[in-house]
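Hello,

Here is the structure you asked to look over. My notes follow below it.

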Amino acid sequence: MDKKLIKNLALAVASVYPESLRKNIEKNLIYADIKADVNLLLFTSTVASFFLTIAGYILSISIWPGKIIYLVVTVSLSMFLPFILLTSCLYFLVDARTREIEKLLPDALNMIASNIEGGMTPYNAILVSARPEFGPLSKEFIKAANRTMAGDPFYKTLMDMSTRIKSATFSRTVRLLVTGMRSGGDTVKLLRDLALDIREFQKIKRAVVTAVMSNTMFIGLATTFGAPMLFAVSLILLGVLAQMGSQFSGQDMSALPIPMVTVDREVLEMMQSFAYVMIFVACLSSGAMIGLIKTGKAAHGIKYSIP
């Protein structure tokens with residue numbers, strides 16, 4: 001197909017979605033340092049959603065004929081799966097880039113301070129500090145230096161780095177650095193103090209994660225072994241009652257000394273489906289709690305939520 005036709009079609013499809021969603025995806029693409037067309041991403045997700053919905057419908061009526069609940073769940077998951085994957089991938093790419101930059105930031109600040117202490121101007125110190133070992137941070141330094149050479153104010157290019165990195169720590173650091181340089185303070189001392197404060201904050205975060213490790217282990221064990229074992233025992237008991245009910249069906253059990261409780265086969269199947277759903281929900285919720293405990297973000301617990 002013609003590229004122009006695909007672009008116009010993608011624009012028409014993307015215009016259906018809310019403007020806030022498109023802006024959010026575009027912002028995350030900037031944070032992740034990915035050059036991609038938002039309209040094309042939404043168009044691809046829509047096409048994938050269409051075909052997955054058809055596949056989910058065919059799969060559901062083939063495996064569970066007559067089961068309306070399974071049909072609705074399968075079709076709904078198939079419809080929203082591409083959009084969930086798109087937003088999740090962008091979120092984790094942004095988060096990985098942010099964590100890498102925050103990890104490298106103290107070393108970069110110390111190097112900039114050493115360069116300024118050696119007689120360089122702040123502009124040259126930042127440009128020389130753009131080394132490959134600093135990864136995405138060096139790319140941002142190079143972008144700021146190139147924009148400064150193109151005629152943009154140096155302080156403005158530094159502040160604009162915060163708009164491309166989703167990190168409160170980085171934003172505060174750049175803001176304090178710009179304020180200190182404008183006020184004529186000791187830039188070298190300011191850079192070293194900022195690097196020291198960031199390191200101390202990172203040490204505190206690691207200490208907190210270590211202190212709450214027992215809580216995460218308890219939640220993981222309860223979800224991995226406790227909940228499945230309880231549901232298994234319950235289903236075994238219901239299976240025995242269902243088997244006894246089928247054996248004594250049609251017989252008078254009023255003469256028995258103990259009342260006989262029977263369970264229909266339909267109730268057993270419903271309880272099995274309920275157990276699967278509850279185990280899945282327990283995995284998601286426990287993963288979210290582990291993510292909150294370890295990193296302060298529930299989304300980081302997705303990797304612990306796989307049933």
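Which residues lie nearest the centre of the second largest pocket? They are Ile 69, Tyr 70, Val 73, Ser 273 and Val 277, out of 18 residues that line this pocket. Please keep in mind that the model is predicted.

The second largest pocket holds about 710 Å³ of space. Helix 4 (68-117) and helix 11 (265-295) each give at least two residues to its lining, and helix 11 has the largest share, with 10 residues. Sorted by class, the lining has 12 nonpolar, three polar and three charged residues.

On salt bridges, the count is 13.

- Arg 97 and Glu 140 meet through their side chains at 2.7 Å, N to O. This pair links distant parts of the chain, with Arg 97 in helix 4 and Glu 140 in helix 6 (residues 136-149), 43 residues apart. Both Arg 97 and Glu 140 are buried.
- Arg 99 and Asp 95 form a salt bridge at 3.0 Å, N to O. They are four residues apart in helix 4, so about one helical turn separates them. Arg 99 is partly exposed at 47% relative accessibility, whereas Asp 95 is buried at 5%.
- Glu 133 and Arg 131 form a salt bridge at 3.9 Å, N to O. Glu 133 is partly exposed at 49% relative accessibility, and Arg 131 is partly exposed at 38%.

Salt bridges with shared partners also join Asp 33, Arg 97, Glu 140, Lys 143 and Arg 164 into one network.

As for cysteines, the disulfide count is zero. Cys 89 is partly exposed, at 45% relative accessible area, and Cys 283 is buried, at 8% relative accessibility.

Regards

Technical notes
Residues are numbered from 1 along each chain as its sequence is written. This is a predicted model: local features need pLDDT of at least 70, side-chain atom pairs count only at pLDDT 80 or more; totals for chains, interfaces and linings use all residues. Side-chain values use heavy atoms; hydrogens and water are left out. A disulfide is a pair of cysteine sulfur atoms within 2.5 Å. Buried means under 20% relative accessible area, exposed over 50%, partly exposed in between (1.4 Å probe, protein chains only). On a 1 Å grid over the protein atoms alone, a cavity is a set of points where a 1.4 Å probe fits but cannot get out, and a pocket is an open set with protein on both sides within 12 Å along at least five of seven lines; lining residues have an atom within 4 Å of a point. Grid points are joined across faces, edges and corners, and a volume is the space filled by probe spheres set on the points. Ala, Val, Leu, Ile, Met, Phe, Trp, Tyr, Cys and Pro count as nonpolar, Asp, Glu, Lys and Arg as charged, and the others, Gly among them, as polar. A salt bridge is a side-chain nitrogen of Lys or Arg within 4 Å of a carboxyl oxygen of Asp or Glu.
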